Amino acid sequence: MEEESELSIHEECGIFGIWDPAGDCARTVYYGLYALQHRGQEACGIAAINDRELSFHKDVGLVGEVFDARRLDQLNGTMAVGHVRYATTGGNRRENAQPLTLKYVKGTLAVAHNGNLVNTQELRTAFEYRGAIFQTTTDSELIAYAIAQERLRCSCVEDAVCQAVKGLRGAYSLLVMSPQKLIAVRDPWGFRPLCMGRRGEAILFASESCALSAVGAELVREVEPGEIVVVENGEITSIRENCVNASSHMCIFEYIYFARPDSILCGQSVHMARRQAGRLLARSSPAEADVVIGVPDSGLDAAMGYAEESGIPYGIGLVKNRYVGRTFITPGQQSREQAVRIKLGALRSCVEGKRVVMIDDSIVRGTTSRQIVSLLREAGAAQVHMRVSSPPFLAPCHFGTDIPDRDELIACRYSMEEIQTLIGADSLAFLRREDLHQMVPDATCGFCEGCFTGTYPIRF
């Protein structure tokens with residue numbers, strides 16, 4: 001990870017929820033969160049409703065570390081929501097783990113949030129002047145507080161949610177659970193994915209369809225941008241009062257990096273989108289080479305596409321150590337360089353004496369790319385031609401992705417020729433911005449490309 005271990009961009013968060021009259025919902029959420037673990041590895045939690053009583057458990061760590069059979073038995077119920085966290089706003093502390101739970105005059109609420117608000121400070125200041133005391137440093141707590149405050153004036157929780165989100169600006173896919181209702185919410189711009197599924201009588205929501213498949217559920221549809229879906233006793237109600245935008249603006253980087261390859265987003269297979277990116281790269285930036293390899297994991301599908309289009313054989317040139325956590329990372333350049341060697345190994349038998357095309361999903365600061373090129377050369381690669389399945393990053397992201405400020409982005413500081421020299425590659429090329437939409441020809445939504453253009457759907 002580029003921030004903590006300099007390996008790549010951090011993931012998003014992941015949310016999962018279920019209403020099931022058969023009960024044992026916490027265990028289903030547990031498996032759903034396992035399938036979404038790629039979206040956040042810092043903390044996780046589950047909240048459940050059993051006979052209108054709310055119980056929860058959350059902590060710092062991976063899903064398999066935080067929960068065991070005893071914990072899940074204690075959370076048994078007919079509704080449950082869960083969350084895997086990567087910190088966008090707020091630090092990596094236990095109190096910032098989600099779902100956020102609160103007791104107030106109207107009862108209890110649990111809120112799980114994926115995204116990032118851009119008017120956080122404005123909201124926090126307004127609430128504090130009304131007497132609010134916050135327990136966390138997250139923007140998710142602001143959302144929970146806004147819903148609870150509106151509930152004092154509204155006749156039902158879904159009306160409170162509808163009113164509360166009108167004051168939010170930015171990215172939010174939410175699951176809100178009251179003692180009787182499970183509510184799914186997506187912001188009017190549709191920055192973050194959220195889908196709905198079914199398994200018998202059970203109704204489920206997840207950040208990605210791969211989590212539905214993991215628990216034996218079928219994908220029904222995406223929650224639409226601005227839509228509020230309410231589940232009460234198995235009945236589904238859709239509130240579209242906030243569906244005001246003509247087109248959605250889902251983060252294009254979901255396809256490039258965040259989402260799992262077996263997920264379907266906006267009707268488009270993530271695997272096929274990445275494969276198509278590789279084909280487009282091969283057409284616009286060919287190379288004379290002997291083998292095409294991908295940087296695990298999100299570079300692998302694009303490498304397959306590049307190989308198919310170019311006719312150059314595909315090979316496994318880099319092997320990922322899947323048993324390394326984040327705790328071994330320490331500050332300092334030497335430690336960050338060592339992190340790459342621990343996480344990735346070059347397969348000499350694949351690259352020795354060969355001209356290699358290496359496909360990665362992105363270059364942020366350039367540190368990791370330089371180290372991987374060096375690994376391949378040490379393994380005997382005769383040439384290393386780097387191809388990147390996204391355009392150059394030219395601006396930060398304000399909606400939940402930790403793309404840093406412009407002064408940290410290598411593409412803002414150096415020309416393409418200078419970047420090629422800095423990372424030590426024999427050639428370098430990025431996916432052309434005009435090819436982004438050709439990468440997702442079957443998608444049924446629009447996209448936010450602000451990190452590549454500096455132009456965002458929201459003014460702030």
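A residue is called buried when its relative accessible area is under 20%, exposed when it is over 50%, and partly exposed in between (1.4 Å probe, protein chains only). The model is predicted, so local features need pLDDT of at least 70 and side-chain atom pairs count only at pLDDT 80 or more, while totals for chains, interfaces and linings use all residues. Residues are numbered from 1 along each chain as its sequence is written, and side-chain values use heavy atoms, with hydrogens and water left out.

At 51% relative accessibility, Arg52 counts as exposed; its phi is about 70°, and its place is in the loop between strand 2 (43–50) and strand 3 (53–60). Helices (H or I, at least four residues) and strands (E, at least two) are DSSP runs, numbered from the N terminus. Asp24, with a phi of about 55°, lies in the loop between strand 1 (14–19) and helix 1 (25–35). Asp24 counts as partly exposed, at 34% relative accessibility.

Cis peptide bonds were also found. One joins Gln98 and Pro99, with omega about 5°, and Pro99 is in the loop between strand 4 (79–85) and strand 5 (100–104). The bond from Pro296 to Asp297 is cis as well, with omega near 0°; Asp297 is placed in the loop between strand 17 (291–294) and helix 10. Most residues other than glycine have a negative phi, and most peptide bonds are trans.

A nonpolar core is a set of buried Ala, Val, Leu, Ile, Met, Phe, Trp, Tyr and Cys residues joined through side-chain atoms within 4.5 Å. The largest such core has 48 residues, of which Ile252, Tyr255, Tyr306 and Met439 touch the most other members. Elements giving two or more residues to this core include strand 14 (250–251), helix 8 (253–258), helix 9 (270–284) and helix 10 (299–310). Helix 9 gives the most, with six residues. Contact (heavy atoms within 4.5 Å) links Ile252 to Leu436, Met439, Val440, Phe447, Cys448, Glu449 and Phe452, not counting residues up to four places away in sequence. Apart from this core lies another, of 29 residues, with Val111, Phe134, Ala146 and Val185 among them.

Among the buried residues are Val270, His271, Arg274, Arg275 and Leu281. The expected span of a helix is 1.5 Å times one less than its number of residues. For helix 9 this gives 21 Å, which agrees with the 21 Å between its end C-alpha atoms.

Leu142 lies in helix 5 (residues 139–151) and counts as buried, at 0% relative accessibility. Leu142 touches Thr120, Leu123, Arg124, Phe127 and Phe134, residues up to four places away in sequence not being counted.

Three cavities of 30 Å³ or more are present. On a 1 Å grid over the protein atoms alone, a cavity is a set of points where a 1.4 Å probe fits but cannot get out, and lining residues have an atom within 4 Å of a point. Grid points are joined across faces, edges and corners, and a volume is the space filled by probe spheres set on the points. The largest cavity has a volume of about 90 Å³. Its lining has 15 residues, of which Cys251, Cys397, Cys448, Gly450 and Cys451 lie nearest the centre.

Definitions and conventions:
1 Å grid on protein atoms, 1.4 Å probe; cavity = no way out; pocket = protein on both sides within 12 Å on 5 of 7 lines; lining within 4 Å.
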